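Here are my notes for you on this structure. Keep the view open while you read.

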Amino acid sequence: MTYHVQINVMPLKDLLDPQGKAVMGGLVNLGIKSVNDIRIGKHITLEIEAESAEAAKQIAETTATKLLANPVMEFFEIEVVG
Amino acid sequence: MKFGVVVFPGSNCDHDMLDALQNDLNKEVRALWHKDKSLDGFTTEDCIVLPGGFSFGDYLRCGAIARFSPMMQSVIEFAAKGGKVLGVCNGFQILCESHLLPGVLTMNAHRQFVCKNNYLKTPGGEPLLIPVAHGDGRFQADEKTLDELEANNQVLFYYCDEQGNVVESANPNGAVRNIAGIRNKEGNVFGMMPHPERAVSATLGNEDGKKVFELLGLL
Amino acid sequence: MEITVQHAQELRLTAEEFELIKQKLGRTPNFTELCIFSAMWSEHCSYKNSIKWLKTLPREGGRMLVAAGEENAGLMDMGGGYGVVFKIESHNHPSAIEPFQGAATGVGGIQRDIFTMGARPIASLNSLRFGNLKDKKTQRLMAGIVHGIGHYGNCFGVPTVAGEVYFEDCYHTNPLVNAMSVGIVDTKRTVSATAEGKGNPIFFVGSATGKDGIGGASFASANITEESTEELPAVQVGDPFQEKKLLEACLEVLKTDAVVGMQDMGAAGIICSTAEMSAKGGVGMHIDLEKVPTRQKNMKAWELLLSESQERMLLVAHKGQESKIIEVFEKWDLPCSEIGYVTDDGQLKFYMNGELEADVPAEELVLGGGAPQYEREYTRPAYLDKISAFDQQSIEDLADNNALKQGAEQLIQLPNIASKRWITVQYDSMVGTANTQTNAPSDAAVVLAKGTGKALAVTTDCNSRYVYADPFVGAEIAVAEAARNIVCSGGEPIGVTNCLNFGNPYDPEVYYQFVKAVQGMGEACRKFNTPVTGGNVSFYNQNPTGPVYPTPTIGMVGILDDINNKMSLDYKKAGDKIYLIGRPKNDIGSSEYLHKLHKVEFSNVPAFDLEEEYNLQQAVAALIKEKLVASAHDISEGGLMITLLEKGFNRNLGFDVSATTDIRQDAFWFGEAQSRVVVSVPAAAAEALEAALKVASVDFSLLGTVTDAAVTVDGHAWGDIREWKEKYDTAIEKMIAEN
């Protein structure tokens with residue numbers, strides 16, 4: 001069975017995110033001043049062949065741990081969407 | 001012809017461009033701060049240059065944030081009135097993000113920054129040796145746009161080998177059809193990834209860049 | 001909770017040091033104060049295990065404008081009212097943990113050391129060492145580190161103009177990343193890292209502070225304060241865009257004359273910069289820590305003091321001039337906050353919301369003040385016996401010309417010798433339009449110092465296998481090679497910055513390497529009149545299998561009063577004569593040939609005599625000045641043969657040469673004996689060259705002639721130079737692609 005899995009990889013909570021900071025500056029140039037914080041990560045979608053949603057999640061977890069995210073700097077969240 | 005060089009936070013070829021125009025090409029030139037808006041003193045006979053570098057750190061997409069600087073609003077109006085605008089490297093990226101030029105510059109095909117001398121095929125002329133230095137210099141556009149660009153002679157430079165052959169092995173970034181630089185349909189807005197300002201000095205042993213400014217009608 | 005010696009030890013202070021702190025304060029420190037001492041008395045800030053020997057280096061004289069260690073970087077006189085500011089620094093351990101950010105922040109840190117003195121950086125160099133390139137881990141590390149250096153340097157906008165890369169097994173777990181930067185300053189506009197004038201305001205400028213780089217202290221804190229530790233990021237993230245703005249803003253603010261002193265925040269951030277600036281000016285400071293811009297909420301005093309967040313500066317201004325400072329940093333959209341003022345009692349007083357968190361005498365914290373200094377024991381390492389036991393008779397010489405050719409083919413493709421272009425094209429080497437290397441390569445990078453009418457020749461050098469074989473002579477050679485590279489490029493060597501990468505200083509055999517290397521370096525620097533302006537020491541480059549080779553990297557700067565004196569390394573045209581200047585020596589010790597092709601781990605350091613080297617350099621400098629040669633390239637890794645080949649690559653010119661002595665073939669062509677340079681000269685000018693060399697009484701021999709493209713050695717055809725170039729250019733790329 002094919003499962004669609006989404007993974008969000010984000011910079012660790014307390015880590016500086018230079019990109020987010022620079023984009024904040026850009027928003028000010030656009031006149032948008034009500035945004036308090038921006039953090040930028042990656043959104044990754046996978047199509048996984050697995051026997052169950054749980055198994056698909058497991059596989060996604062492995063890909064994220066081993067490759068998609070760098071645990072020194074990033075954390076990830078996995079969602080099986082169907 | 002006077003020149004204005006826009007300085008964005010993160011521009012780092014601004015000094016090189018000012019230096020090249022003033023000292024090597026003997027032009028009148030002024031630095032323009034991105035937060036200012038005024039282009040007073042410039043007429044459509046003059047040229048505004050968007051220099052290379054990493055405006056706003058190249059974060060999000062190269063050129064995406066610079067596009068919204070106050071000075072860019074004036075540059076867009078200036079271009080609409082027929083004023084000459086040249087974007088080099090990051091400046092080219094800003095021009096594409098501003099829709100003053102078609103297409104987009106994406107990450108190099110080999111996913112690495114590349115800095116080296118590269119030959120450029122020019123309209124009718126001999127190949128020129130001009131430095132490239134970029135991480136996101138792969139020009140891309142849809143087929144229709146590309147055909148139009150070529151049909152209207154809007155492609156200014158192609159990456160080529162020493163003999164002038166437009167071959168894949170001479171393409172430093174995977175740009176579609178080896179395109180290194182283009183102009184708009186009206187012929188007043190120019191964008192190119194290679195850095196002509198890095199090749200205008202006898203002391204550095206390469207003056208091919210002067211011919212680039214000449215070809216663009218900016219000398 | 002009462003602070004005890006156990007707490008001190010958790011913060012890597014010794015029991016004796018804890019006693020010393022109590023004595024200096026006249027009381028037991030609180031936790032914040034203990035953290036302060038722990039950071040300031042660390043090896044990194046206090047040089048406590050190395051300063052005794054560093055003081056034996058030539059640290060003044062020549063063109064030096066500030067004494068070694070007095071400021072963030074060395075400052076030397078270029079003449080004409082300009083100075084050159086330069087320094088090298090290691091970022092080895094952070095790069096081993098997170099290659100990309102570790103290397104990037106290393107580049108960022110060294111740039112701040114330069115512009116905090118008011119100088120604009122114009123050239124970057126780096127010296128990198130990795131394990132075996134065939135190893136996947138090495139390839140990953142290298143890719144990450146090179147990407148990090150490029151990411152930061154390219155965006156910051158300073159060209160990377162030179163450097164060195166070596167691959168040796170001993171660096172497998174402990175890669176070395178040494179970054180150097182060189183800047184130019186109007187000597188009337190330099191700024192000192194000092195605080196003066198009671199009541200003068202203190203500004204914090206640059207990035208907001210987060211809990212970066214305080215992992216060690218935070219674990220200790222958990223034990224002491226019995227609060228649980230949060231997960232702290234072990235990695236500092238560099239933001240080159242922020243640093244570029246900081247550079248421009250700092251140079252702009254210095255033009256206002258509102259600045260008393262400025263220092264960047266590197267290791268031990270706020271505490272180190274406040275302590276060093278206060279101690280230097282003989283003053284104290286009142287700091288309100290809650291005014292420091294923060295990235296995270298609820299940061300504690302000790303976290304703010306120790307944080308190593310990047311892209312920050314401490315600035316002392318003249319009272320009444322505050323608005324000028326604020327205006328510039330606002331223009332560049334950089335945080336700028338007045339966090340305190342200068343006092344006259346020598347005490348650093350840190351307050352948090354009105355509460356006094358720490359009260360320590362600045363002078364007691366710093367090197368040259370109260371920080372401890374140790375003499376460590378050292379003993380001659382046992383492995384040196386194996387080195388003395390080596391006899392090159394045990395290695396059979398090359399049988400014939402065919403074996404010689406095969407040897408050359410293997411050597412030219414060794415990663416230590418082959419082109420590093422896979423790495424160097426990832427660095428912007430041309431931004432600033434001042435690097436003359438692009439179109440005319442030379443042994444040292446020659447960079448125009450725009451506005452001064454002069455140029456600088458810069459290089460980093462250290463063959464650590466030589467230092468391993470003989471720490472004293474190996475370090476002498478590192479200095480000599482740096483000077484030789486500058487001389488061969490037409491420059492006059494003026495000063496040195498060093499990066500001393502060693503293992504654990506508490507190991508007496510490692511410390512022996514350190515002591516001898518510093519002594520050898522001092523000897524050579526005195527001979528070449530190149531004082532050591534500063535640098536850094538990196539100990540503990542060691543893992544359970546042992547320490548890295550002792551690696552005292554030399555960064556050297558030379559000056560060209562006239563850019564027309566620049567000499568490039570490549571053959572200029574067919575028919576030119578090729579000369580070897582210096583004596584061929586029957587020596588293959590520590591060569592790439594012996595180590596890599598014969599796999600000999602222990603062998604003698606290459607033949608070297610300081611006096612002979614000095615005379616050679618004087619002679620070559622004179623030849624270049626008199627315009628008697630068309631190219632000059634020194635002999636280093638791979639020996640004479642590699643030098644001859646490298647000279648041909650730029651213009652695709654070959655050579656026809658023959659051995660001029662009957663010493664071992666491998667020693668003649670591949671030996672790495674020092675003090676030799678290969679030059680080329682138009683045939684018509686050969687007589688004048690020979691006459692000049694006779695007057696200089698330097699050994700020389702005619703090797704042969706430059707050809708259109710054919711390579712011929714001892715009468716045997718070796719193919720086209722382009723085939724050799726192809727091998728040289730692509731060797732590293734192929735090794736990476738194979739995996």
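1. Start with two terms. A residue is buried if 20 or more other C-beta atoms lie within 10 Å of its own, exposed if 12 or fewer, and partly exposed in between, with C-beta atoms placed from the backbone. Helices (H or I, at least four residues) and strands (E, at least two) are DSSP runs, numbered from the N terminus.

2. Next, the ground rules. This is a predicted model, in which local features need pLDDT of at least 70 and side-chain atom pairs count only at pLDDT 80 or more, while totals for chains, interfaces and linings use all residues. Residues are numbered from 1 along each chain as its sequence is written, and chains are lettered from A and ligands numbered from 1 in the order in which they are written.

3. Look at helix 5 of chain B, residues 208-215. Its buried residues are B:Asp208, B:Gly209, B:Val212, B:Phe213 and B:Leu215. Why do they sit on the same side of helix 5 of chain B? They cover an arc of only 165 degrees around the axis. That arc is taken from the directions from the helix axis to the C-beta atoms.

4. What covers these buried residues? Strand 7 (128-134) of chain B is included in the cover. Contact here means that the C-beta atoms of two residues, placed from the backbone, lie within 7 Å. After helix 5 of chain B comes B:Gly217, with a positive phi near 70 degrees.

5. Now chain A. It has two helices and three strands. From the N terminus on, their order is β-α-β-α-β. Chain A has a radius of gyration of 16 Å, well over the 12 Å that the globule rule gives for 82 residues, so it is more spread out than a compact globule. This radius is taken over C-alpha atoms, and the rule is 2.2 Å times the number of residues to the power 0.38. Along the principal axes, the C-alpha atoms of chain A fill a box of roughly 50 × 25 × 15 Å. Of its 82 residues, 22% count as buried.

6. Chains B and C touch. Chain B gives 28 residues to the contact and chain C gives 25. On the chain B side, strand 6 of chain B supplies the largest share, four residues. That side divides into twelve nonpolar, ten polar and six charged residues. Nonpolar means Ala, Val, Leu, Ile, Met, Phe, Trp, Tyr, Cys and Pro; charged means Asp, Glu, Lys and Arg; the others, Gly among them, are polar.

7. Chain C also meets chain A. Here 15 residues of chain C contact nine residues of chain A. The chain C side has seven nonpolar, three polar and five charged residues.
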